[in-house]
Amino acid sequence: MKKSREKQIVNISILGIITNLILAGIKIIIGITSGSIAITSDAVNNLTDSSSSLITIIGTKLAQKNPDKNHPFGFGRIEYLTSMIIGIIVLVTGFEIIISSVKGIFYPNAVDYNLLIVFLLFITVVVKTFLSIYIEKQGKKLNSGALVASGKESKNDAIISIVTIISAIIYMITK
């Protein structure tokens, strides 16, 4: 049973890594071509999500180690530490995005949004939303705090992306 749970968590985390790397690539291209700091920050956030999934894999693997002389109760609590590390990553990433956003207010640069960019961003939000729901649901099913945290963090990312889309639309309308 533990192997099955471990394998499921690892597979879900690998899906998260791959999806977030693809989303990051799309957003980096969009961010560079549009000159948008917000979209580029969103891409960096997706890269951070990939690292969270990698941390989940490592934590899950370590938690499955058998007890030894120095750890007679085993390593199961590593999953709690993994969840805490992901939480710290979320806080640091949020702080960094706030800093880059404030800098953008004081030192604005010209951006170039169009309907294709808005459409691609919308697709990334849809993908991220489905990914977040799936990961959180599986995390609850598998009793994995790290997956639940990762799923919730992905929901927050989708909300941030929606705000970016709204900002892009407002900018396109009002310049």
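The structure is a predicted model, in which local features need pLDDT of at least 70 and side-chain atom pairs count only at pLDDT 80 or more, while totals for chains, interfaces and linings use all residues. Residues are numbered from 1 along each chain as its sequence is written, and side-chain values use heavy atoms, with hydrogens and water left out.

The protein chain contains five helices and zero strands, where helices (H or I, at least four residues) and strands (E, at least two) are DSSP runs numbered from the N terminus. Read from the N terminus on, the order of elements is accordingly α-α-α-α-α. The C-alpha trace spans about 65 × 30 × 20 Å along its principal axes. Of the 175 residues in the chain, 41% are buried; here buried means under 20% relative accessible area, exposed means over 50%, and partly exposed lies in between, with a 1.4 Å probe and protein chains only.

Helix α1 covers residues 2-34 and includes Ile 32, which counts as exposed because its relative accessibility is 62%. The C-alpha atom of Ile 32 lies 9.7 Å from that of Val 111, although 79 residues separate the two along the chain.

The N-terminal end of α2 is capped by Ser 36, a side-chain oxygen of which lies 3.4 Å from the backbone nitrogen of Ala 38. Such a polar contact is a pair of N or O atoms within 3.5 Å, of which, within protein, one must be able to donate a hydrogen and the other to accept it, and residues adjacent in sequence count only if both atoms are side-chain atoms. Within α2, Leu 47 is partly exposed, with a relative accessible area of 38%, and its C-alpha atom is separated by 10 Å from that of Thr 93, a residue 46 positions away along the chain.

Thr 93 is among the buried residues of α3, which also include Ile 86, Ile 89 and Ile 97. Helix α3 itself (residues 78-106) has 29 residues that should span 42 Å at 1.5 Å a residue, and its end C-alpha atoms are 42 Å apart, in agreement.

Helix α4 has 27 residues and reaches 39 Å from its first C-alpha to its last, close to the 39 Å expected. At its start, a side-chain oxygen of Asn 114 comes to within 3.0 Å of the backbone nitrogen of Leu 116. The buried residues of α4 include Leu 121, Val 125, Leu 131 and Ile 135, and also the charged residues Lys 128 and Glu 136. In the loop between α4 and α5, Asn 143 has a phi near 55°, a positive value in a residue other than glycine, and Asn 143 counts as exposed at 65% relative accessibility.

The axes of α4 (residues 115-141) and α5 (residues 145-174) come within 8 Å and cross at roughly 165°; axes are lines fitted to C-alpha atoms, for helices over the stretch in contact, and angles run from 0 to 180 degrees between N-to-C directions. The two helices are therefore roughly antiparallel, a term for angles over 145 degrees, with those under 35 counting as roughly parallel, 65 to 115 as roughly perpendicular and the rest as oblique. The residues of this contact divide into 15 nonpolar, eight polar and six charged, where Ala, Val, Leu, Ile, Met, Phe, Trp, Tyr, Cys and Pro count as nonpolar, Asp, Glu, Lys and Arg as charged, and the others, Gly among them, as polar.

Key
The expected span of a helix is 1.5 Å times one less than its number of residues.
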